[in-house]
Amino acid sequence: MKKYIVLTLTTLWACSLSAKTLEYEHATIKLVPPVSKNTAGFITIKNLSDKDLKLIKVESEISEIVELHTMKMDKEMMVMRPVDSILVPKKGSVHLKPGGLHIMFLGIKKALVKDDKIEAKLIYEDGFIEKVLFLVKDSNLHSK
Ligand SMILES: [Cu+2]
């Protein structure tokens, strides 16, 4: 499996927390053909602090709208549903992955290119903001 590195631009704004509060792994955006207007992003977020954190919003230039989604069973069908926030438990982690929680990019403005890195802003409840680079990947079937 191809190895890649998640580059975190050390940008901590309006931040009452220490710099080493959060760590990110496997930040990817699913490559979709240019005709497709929507895609999903996946990431593992680790919270090293002893305080629960809530991801409330993601912002990115690549799409008109960015939402936080989960997948739920509805009449034997898996359907996506927006969620208000995603909890990142203290001393724990949350996995946004295919079939579960994910970041939804709706209304892609410009065709995605494989191996490109796309910047997104992760915004937490208390105003904590971090920029993370997401790698555009062909398939997320093998991601953890
Ligand atoms: Cu979705």
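User: In which sense do β5 and β9 pair, and over how many bridges?

Analyst: Strand β5 (residues 63-74) and β9 pair in the antiparallel sense over six bridges. Two strands pair if DSSP finds at least two bridges between them, so six bridges qualify. His69 stands opposite His102 in β9. This is a predicted model: local features need pLDDT of at least 70, side-chain atom pairs count only at pLDDT 80 or more, and totals for chains, interfaces and linings use all residues. Residues are numbered from 1 along each chain as its sequence is written.

User: How many strands and helices does the protein chain have?

Analyst: Zero helices and 11 strands. Both are DSSP runs numbered from the N terminus: helices are H or I with at least four residues, strands are E with at least two.

User: What joins β5 to β6?

Analyst: Six bridges join β5 to strand β6 (residues 77-82), and the two run antiparallel. Asp74 has Met77 in β6 as its bridge partner. The hairpin of β5 and β6 has two residues between the strands, and Lys75 takes a positive phi near 50° there. Glu76 is also found in the loop between β5 and β6. Its phi is near 65°, a positive value in a residue other than glycine.

User: Why is Glu76 called exposed?

Analyst: The label comes from a neighbour count. A residue is buried if 20 or more other C-beta atoms lie within 10 Å of its own, exposed if 12 or fewer, and partly exposed in between, with C-beta atoms placed from the backbone. Glu76 has 5 C-beta neighbours inside 10 Å, so Glu76 counts as exposed.

User: What makes Lys91 exposed?

Analyst: Lys91 has 11 C-beta neighbours inside 10 Å, and therefore counts as exposed. Lys91 lies in the loop between β7 and β8. Its phi is near 50°, again positive in a residue other than glycine.

User: How do you know that Gly99 is exposed, and where is Gly99?

Analyst: With 8 C-beta neighbours inside 10 Å, Gly99 counts as exposed. Gly99 sits in the loop between β8 (92-96) and β9. Gly99 and Lys72 are 27 residues apart in sequence and 8.7 Å apart in space, C-alpha to C-alpha.

User: Which residues touch the most other members of the largest nonpolar core?

Analyst: Ile43, Leu55, Ala120, Leu122, Val132 and Phe134, out of 22 residues in this core. β10 gives the most to this core, with four residues. A nonpolar core is a set of buried Ala, Val, Leu, Ile, Met, Phe, Trp, Tyr and Cys residues joined through C-beta atoms within 7 Å.

User: What does Leu55 touch?

Analyst: Not counting residues up to four places away in sequence, Leu55 touches Ile45, Leu68, Ser85, Ile86, Val88, Leu122 and Tyr124. Contact requires C-beta atoms, placed from the backbone, within 7 Å.

User: Which sense of pairing does β11 show with β10, and which with β2?

Analyst: β10 and β11 pair in the antiparallel sense over seven bridges. Lys121 has Lys131 in β11 as its bridge partner. β2 and β11 run parallel, joined by three bridges. Ile29 stands opposite Val136 in β11.

User: Where does pLDDT stay under 50?

Analyst: Over residues 5-16, for which the model has 19 contacts beyond four places in sequence. pLDDT is the predictor's confidence in each residue, from 0 to 100. The mean pLDDT of the protein chain is 87, and 83% of its residues reach 70 or more.

Note on methods
Two residues are in contact if their C-beta atoms, placed from the backbone, lie within 7 Å.
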